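Morning, everyone. Let me put the structure up, and then we'll walk through it.

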Amino acid sequence: MDVTAQIHEQLTRCGIRLAASLPDDWVAPLITRIAADNQIRHVPVAREAEAIAICSGAFFGGVRSVALMGATGLLTCTGELATLNLRHQIPVFLIVSQRGSIDDHRIYQEVQGRRTLPLLQAYDFPYHVVDRPDEVSSIPDAFETCRLQKRPFVLFLTRRLVKGEGAT
Amino acid sequence: MKAREAIEVLARHRGEAVAVCALGMAANEWWAATKSEDSFYMHGAMGFAASFALGLALSLPQAPVWLINADGSLCMNLGCLLTEAAQAAKNLKHFVVANGVYQTVGALPMVNEGRTDYAAMARAAGFARARTIEAREELARQMPAIAAEDGPSFTVLRVEPESGFLRTPPMTYEGPEMKYRFGRALERRFGIQVFGPQGY
């Protein structure tokens, strides 16, 4: 089973019924796979903060959800994550590509690589990095921690995980 | 018409609708008119009450969901029109109280005021039902049909700006308290589970 299928399987185990997304090329295969699952309502959005608010609304409908995006998109959501999710203690589970890592040699991702984790720490948003296929099974625990901590929780997918060892 | 008058007409035709209100004038006036706990009043995330309402409508298809938006908030997130039109939630109605100013901060004029046709923008995004209503009597006349029609629909309520600050007080619940009151109200009404057995 490839890693995208493994992540999808774990999201199903979490009871995810809605996914709101805006693609980054690392998470695009996962979005495509989820969009084809008729048990999950897929909501493509025009801006990542829409996904945050859609998942927050879904919480009150009793529906478990996930927001899928790239690291750059996560940076655009910080105001909404603070003034909606922190303000009201609404959990929102995000799956985000960990761009700007030492093996991501794209110049336009370098700030995301240096500043994203310190930014999450400043907001006190918990996060968990999934780097290897055998760590994908941690997703249900991460999802439950998000609900328990009642705040945004970011699950990062590394380049090695989504592209494979030694990918160029 | 005044914003308060428009909101009061909406409130009278609300029926069983669950409301999501943009922060500021829309939320404050809806609270003043309804004092309802099965409404969500945004405290922040300006522009994203629309997305919140869409997520709620998709997740709770048995509930009519009304979005009480305002023009300042709509313009913060015009892309919401594309997402709403694409999802085509039959239970979602989008109302925009449009006064052309940022009322809550002292009625400073909005960008491009007087030239923007929000209903035309909604139609261009794919809404089959979009209109602008300017008079209280016309709103009262049209509301039964608007309340009964399938969503997604988009209704602009063109209201007069007030002079200076509008001092209607906001609803009185703190952020987490409002979350629990709103969530528990939906659990009771719809028999759903928002919170788990340990309360989170």
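This is a predicted model: local features need pLDDT of at least 70, side-chain atom pairs count only at pLDDT 80 or more; totals for chains, interfaces and linings use all residues.

Chain B has an open sheet of 6 strands, and the pairing is parallel. Read the order across as β2-β1-β3-β4-β8-β7. Which strands are at the edges? β2 (39–41) and β7 (129–133) of chain B, each pairing on one side only. On average, neighbouring strands in this sheet are turned by 15° against each other, direction ignored.

Now zoom in on one pair. In chain B, β1 (residues 18–21) and β3 (residues 65–70) run parallel, joined by 4 bridges. Look for V20(B): opposite this residue, in β3(B), stands L67(B).

Next, the helix. α3(B) packs on the sheet. Which strands does α3(B) touch? β1, β2, β3 and β4 (92–98) of chain B. Compare directions: α3(B) makes about 175° with β3(B).

On to the contact between chains. Chain B puts in 32 residues, and chain A puts in 29 residues. Stay on the chain B side. The elements giving two or more residues there are α3 (49–59), α5 (80–87) and α8 (175–190). Which of them gives the largest share? α3(B), with 8 residues. So much for position; now composition. This side of chain B divides into 18 nonpolar, 13 polar and 1 charged.

One point to take away. α3(B) packs on the sheet, and α3(B) also gives the largest share of the side of chain B that touches chain A.

How values were computed. Residues are numbered from 1 along each chain as its sequence is written. Chains are lettered from A and ligands numbered from 1 in the order in which they are written. Two residues are in contact if their C-beta atoms, placed from the backbone, lie within 7 Å. Ala, Val, Leu, Ile, Met, Phe, Trp, Tyr, Cys and Pro count as nonpolar, Asp, Glu, Lys and Arg as charged, and the others, Gly among them, as polar. Two strands pair if DSSP finds at least two bridges between them. Axes are lines fitted to C-alpha atoms, for helices over the stretch in contact, and angles run from 0 to 180 degrees between N-to-C directions.
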